[in-house]
Amino acid sequence: MNKHLKTLLFLHVGPLFVAIHVHFFLSPNSLATGGVSGLSIILNDVFPMVSIGVLMLIVNLLLFVVGFLLLGFGFGAKTIYTSVMLSVMVWLLGALFPISGPISEDILIQLIIGQCIAALGMALVFNQRASTGGTDIIALILNKYFSVDMGRGVLLADIFIALSSILVFGPEVGMYAVFGVILNGLVIDYVLQQVNEMREVVIISSESDQIRSYIVGQLGRGATIHYAKGAFTSDEKEVITTILNKKDFSKLKKFIGATDEQAFITVHNMKEILGQNFKQLVTK
């Protein structure tokens, strides 16, 4: 139940952060930094009588229809729900907190702050194995029919939208939009790394039985045991290897410190872990 509530919370908080970015930072400065929001900002300049939130909803629905026709019914319910929530939240912010112009004269600082807020929101959504829709669908189509890598497909679609804004808003704003696309990718990658950072912990201790029991019984984590021989003493020692997140690693350090102050521990930050209870290993 707690896991489902956490997922539901993130699927609302994440789109809210992105919606704040779109309403308070992108739209007032006419910054179309890719995605459905960027395309909707461009369309809003052409059709000012239609709000950006409504345009986002329309564009998302059209993309989902195209996706269903070309890709089949392979979209996750979370992605559909999140993309609709994002459109609704942008519309609600526009209705509740109308804004007539930029909140600052410095476009760059607005872009950086707003992009950081949005990247945090998108990382929360991605961490629930969902997305905000939009250019992800275009990337899936490019991947299926032209064998374009997913990450490259999203980047191409977003940059195309950002470059298109040059025709509507001029070269200066367009260059800011392209910079925003690049910045968005960098910040999302950084946030996801921080949120999902795992550590490989290797432990050599004379109290290995207690430590192993704590890892499995108290932390609920797996561990691998192998044996090594000391170079000086030639004594055979038990070596424990386990993968932990930051929180569990902190608990383990405290336990080992209270159990065996002479324990030898090495820690390695892991960029990616595949298989078993971690990220699914994709074979296609």
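This is a predicted model: local features need pLDDT of at least 70, side-chain atom pairs count only at pLDDT 80 or more; totals for chains, interfaces and linings use all residues.
Residues are numbered from 1 along each chain as its sequence is written, and side-chain values use heavy atoms, with hydrogens and water left out.

The axes of H3 and H4 are 7 Å apart and the two helices pack at about 160°. Axes are lines fitted to C-alpha atoms over the stretch in contact, and angles run from 0 to 180 degrees between N-to-C directions. H3 is therefore roughly antiparallel to H4, a label for angles over 145 degrees. Residues of H3 including Ile52, Leu57 and Phe64 meet residues of H4 including Ile80, Val84 and Trp91, where contact means heavy atoms within 4.5 Å. This contact has 11 nonpolar, five polar and no charged residues. Ala, Val, Leu, Ile, Met, Phe, Trp, Tyr, Cys and Pro count as nonpolar, Asp, Glu, Lys and Arg as charged, and the others, Gly among them, as polar.

H4 also meets H1. The axes of H1 and H4 come within 8 Å and cross at roughly 45°, so H1 and H4 are oblique to each other. Oblique covers what remains after angles under 35 degrees (roughly parallel), over 145 (roughly antiparallel) and 65 to 115 (roughly perpendicular). The crossing of H1 past H4 is right-handed. Among the residues in contact are Leu11, Leu16 and His23 of H1 and Tyr81, Met85 and Val90 of H4. By class, the contact of H1 with H4 has 14 nonpolar, five polar and one charged.

H2 (residues 35–46) and H3 have axes that come within 9 Å and cross at roughly 120°. H2 and H3 are therefore oblique to each other, and H2 passes H3 in a right-handed crossing. Leu39, Leu43 and Asn44 of H2 and Ile52, Leu55 and Val59 of H3 are among the residues that make the contact.

Some of these residues also line the second largest pocket, including His23, Asn44, Ile52, Val90 and Trp91. On a 1 Å grid over the protein atoms alone, a pocket is an open set of points where a 1.4 Å probe fits, with protein on both sides within 12 Å along at least five of seven lines; lining residues have an atom within 4 Å of a point. The lining has six nonpolar, six polar and no charged residues.

How values were computed:
Helices (H or I, at least four residues) and strands (E, at least two) are DSSP runs, numbered from the N terminus. A crossing is left-handed if the near helix is turned anticlockwise from the far one by less than a right angle, and right-handed if clockwise.
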